[in-house]
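Here are my notes on this model, point by point. Please read them with the structure open.

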Amino acid sequence: MNRELTLKEIEELVAPLPGDFVVYLIKRDERAMKILHFKKNILASFGVSEADFLKSTEANALDVVFPADRQLVLDSLSCRDPQNSDIDCVFRLLHRKKGFFWVHAKSALIGTMGGYPVLLTNYLNTDFETEPYAGVLDHSNLRVAIIDRQTHEILYANRLAREHAYPACSCREGRKCYEYIRGFDAPCRHCLMNTDQRVSEYRDENRGRWMRVTTANINWCGRAACAHYIEDVTEARDAEAKLAESQKKYQAATEGAELLVFEYDVRARAIICPSYAAAKFGIPRRIENVPDSLLFQFDKKDHERFRNFFRRVEAGEPRVCDDFWMVNTSESSPVCMRFVYTTVMDGEGRPLKAYALARNITAEKKDAEQYEASLRKLLFSNRRSLGSFHLNLTQNSCGEGQSSSKLILALQKDGTADGFFKAIAAMLADRDSQQFFVQRMNCAALLADFRAGRTYHSLDLRFRLSSGGSLWVNGNVQMIENPASKDVEAVAYSYDISDRKKEEAVIQKITNDEYDFIALIDPAADEIEFRSVKDDQAFARLRGKHGYSEFTRRVLKEVVAPEELDSFLTSIRLENLTAWLDENGSYLLACTTCGSTGLHRKQARYSWLDEAHEKILLIQTDVTQLYEQEQAHMHEVETALLEAEKANEAKSSFMSSISHDMRTPLNGIIGFTDLALKTDSAAAVRDYLEKIRISGGLLLGLINDTLTLSKIDSGKLAIDCKTEDIFKLINIIAVPIRAAAEAKGVRFVLDASGVKCRWVRADRKNIQKIFLNLLGNAVKFTPAGGTVQYVIREVQNDGGEPNIFVTVRDDGIGIGDKFLPHIYEPFAQERAGQPGSQGTGLGLAIVKRLITLMGGTIKVKSQRGRGTEFTVSMRLEPAAAPDKHGGEAQTRGSRTDLSGARLLICEDNDLNMEIARTLLESAGAVVVCAVNGREGLEKFAASRLYGFSAILMDIRMPVMNGLEAAAAIRALPRIDAPTVPIIAMSADAYDEDIRKCLAAGMNAHVAKPVNPKQLLETINAQRD
């Protein structure tokens, strides 16, 4: 039937037909199907409304076919012979809620439309047929999956299969069996479909489960399918594995125990062995005339006991057990066998037979013997032991104890092992030791140690004695297992180690005081053992024994200074150490270490321990302090050498400068003297002599300045403060400066208005020297018409701060910037050799040192061509005004007349003697001369009482010096000896020289070169 149809004809044709019909237009070339008509009751099968159905099939009716079945449907409907009206096809249609449902489509060609075939299809819902079976399968304990044998597609999966799918879900549309069931991305290697194998097991590695698969080929909704019934057999597999393991263990235990099982016929006195036992042990299956036929295998001393063993069986004893040593066996040494017979009675209660078990217990016997021997040795053979006790840790009991001390034996009176340990703890010297001992030494802790393989403990314990002293004891616990009872037992014993502890304390004290550690090195074993280590956290890891090469390399890398590490590691390599020690006997190394406390210097001494040369003794010492002292000393030496070199340079420079400056006035003295000797003119001679006097004054000033500078630098100059009138002191300085300024045409300005306190404590002489120098320089380097200012101000303050500030300011030529930093250096002169630059170059050097010595400061500001300003700050303590009737004597007029005076001069230099004698005689005095102190002493002693008005005494003289002569004169037993004036006349002019003179009994001091006026006034002052 291929006539062209219209829609109306189609509707009229199918209207009277029953069932669920759909009329399709098949467009084979477009691979599409179009619905021309359908019965509305089919919508219930799809679970959709009419509108939704029309919409989903509008483009192509194949869109409501399950995607995997579309090609099947198209091929089925389009490949058939058009004349054949029978077209059957089973496939799946999409369902809104269920996903899909199975249908059986029967189609018939009813015509064409537009040249395309028109098919009438009647749908039969096969889900109605399969749903009851699916419901049953969902309650199955097996996972059931129906798989398309051709495409491997899951056609059906029950509830359990869906729950265990990869991933677990109910959706199976289009999923492959290997993906859905196994989680694979390719077919299984041993796929059961299309094979004769129907059962297989596999392990699901992802879930760690064993699964058994049983398959069956079936027809599923018209499809060639394979049903998979999957069962979880993990528990069964585990049970089988455990059973197999148990069987192995049982077999191993039986074989290892070397058991012999047999039967004894009491009435026949025969032993019957099973065939396997006879073969295993090499004995006959039947042994007659028992026990006599077996006696040859046993020691003769056990024969009677062996016969008695069988008499007990024959007497009907239910269970008979005993151990016997067999001497004639295939073994090279005797074997101990344990026989256990269990007697079986007949109906009348008489012994019929016995089931026997024989076991080789030789090892157990030997263990027991060894246990007994060890126990006896531990308990009784330690002669030095203070006591020994047998403990059962499993039963918590304390058995026999051995000791010569009742006090020690009393430790076991509690009868328990824990009580024994507690009694020991109570005797320990301190609470911490008691707590530690109780925690370590108790049955539970010791049993845990034994199970962990720790069978021996040794502790050093300090006990408190009733006498107040203490006793050091080494306590030991050795644990062993009783082979018979399997109880863990122990022997506790101890030694007196007080002497050893004292020795260790001495060594530790020495180590703590002198060393970081003492160690022994074993070159053959490449080991180092630390024997004594300083109690310091830094050395905590240096305990016990270590591999020498690895340990030293690892530790030294952490502590030795990086720049010294390689050299040090090379030096301490064992081959280098032993070679050096063999050649030299000892080896000393030092290195710098870095730690949390900073850098340290360590010294390691290596030496052979003894003549065997097997062990090396290593002693490390901390030499940081010594090293630092050596370094400091070396630095001091280097500094001293540098200073010495500088001093030598300075000395050379000083001597060169002083030589130059001394030669200038000496040239004047010598030159003008020569000129005076060559002229007859009195006026010229007087002029030359005046210039010689001026040159001599310059030379004296140079010498005084040089001595003053030397005295300051050597620390011999002392500041001598007295109560002074500050205004008088200012004027004393200002008077000569004003005169010099006026003579040069320089304006001099004095401003002391800022000073309020009149009386102060001050060193008048040194203050004069400071400011006369500064002001003198200011006048010297200020041209006519310039100004020199001398300003003094006082600041009220406490606490030792400066309170007097003096400014010396001029508008002279100034100081150059380059020379300004050098102005306080000795002999430094910016314009040396230039007109107007006369001077020694020592003035400012002395000024700076004197101000510093007095605790003050000096600052300078200067600019070339603009002038210079010095500011001196110092502290002058206020003082009370002196008593009007006290203080210094009133100054008298000049007194140079010595008429009537008789003087003794002690002087060893002829020129000095002649000058003094001539000077004094010209003043009217009678002079007696002595060339040394001894002669002067004798001439005074030989003179009449009060025969000398005064004695002039040089200090440095031969035979007897001036100090000794003065002391000797004062000690003479004469009434005038204590009162005769003695005046020192010496070139020793330092303050301490003057004090020495006064301490020797002299009354005054006049420095050489002598100022005639000063000398004459001093003599007259002492005569008053």
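1. The lining of the largest cavity divides into 12 nonpolar residues, no polar and no charged. Here Ala, Val, Leu, Ile, Met, Phe, Trp, Tyr, Cys and Pro count as nonpolar, Asp, Glu, Lys and Arg as charged, and the others, Gly among them, as polar. The model is predicted: local features need pLDDT of at least 70, side-chain atom pairs count only at pLDDT 80 or more, and totals for chains, interfaces and linings use all residues. Residues are numbered from 1 along each chain as its sequence is written, and side-chain values use heavy atoms, with hydrogens and water left out.

2. Which residues line the largest cavity? They are Ile726, Leu729, Ile730, Ile733, Ile767, Phe771, Tyr790, Ile792, Ile804, Val806, Met874 and Leu876. Two or more residues each come from α22 (726-744), α23 (764-780), β31 (787-794) and β32 (804-810). Helix α22 gives the largest share, four residues. Helices (H or I, at least four residues) and strands (E, at least two) are DSSP runs, numbered from the N terminus.

3. The largest cavity holds about 100 Å³ of space. The structure has four cavities of 30 Å³ or more. A cavity is a set of points on a 1 Å grid over the protein atoms alone where a 1.4 Å probe fits but cannot get out; lining residues have an atom within 4 Å of a point. Points are joined across faces, edges and corners, and a volume is the space filled by probe spheres set on them.

4. Look next at strand β30 (residues 759-762). Strand β28 (residues 722-725) runs antiparallel to β30, joined by four bridges. Glutamate 724 has valine 760 of β30 as its bridge partner.

5. Five strands form an open sheet in the order β36-β35-β37-β38-β39, with parallel pairing. Two strands pair if DSSP finds at least two bridges between them. β36 (926-930) and β39 (1004-1007) stand at the edges with a single partner strand each, so one side of each has no neighbour in the sheet. The twist averages 20 degrees from one strand to the next. Angles run from 0 to 180 degrees between N-to-C directions, and axes are lines fitted to C-alpha atoms, for helices over the stretch in contact.

6. Strand β38 (residues 982-986) runs parallel to β39, with four bridges between them. Isoleucine 983 has alanine 1004 of β39 as its bridge partner. Helix α27 (residues 962-970) packs on the sheet, touching β37 (950-953) and β38 (contact: heavy atoms within 4.5 Å). The direction of α27 makes about 155 degrees with that of β37. Helix α29 (residues 1012-1023) also packs on the sheet and touches β35 (902-906), β37, β38 and β39. The direction of α29 makes about 170 degrees with that of β39.

7. Check the backbone at two prolines. A cis peptide bond joins lysine 1008 and proline 1009, with omega about -5 degrees. Proline 1009 is in the loop between β39 and α29. Another cis peptide bond joins valine 290 and proline 291, with omega about 15 degrees. Proline 291 lies in the loop between β13 (286-287) and α10 (303-314).

Notes: On a 1 Å grid over the protein atoms alone, a cavity is a set of points where a 1.4 Å probe fits but cannot get out, and a pocket is an open set with protein on both sides within 12 Å along at least five of seven lines; lining residues have an atom within 4 Å of a point. Buried means under 20% relative accessible area, exposed over 50%, partly exposed in between (1.4 Å probe, protein chains only).
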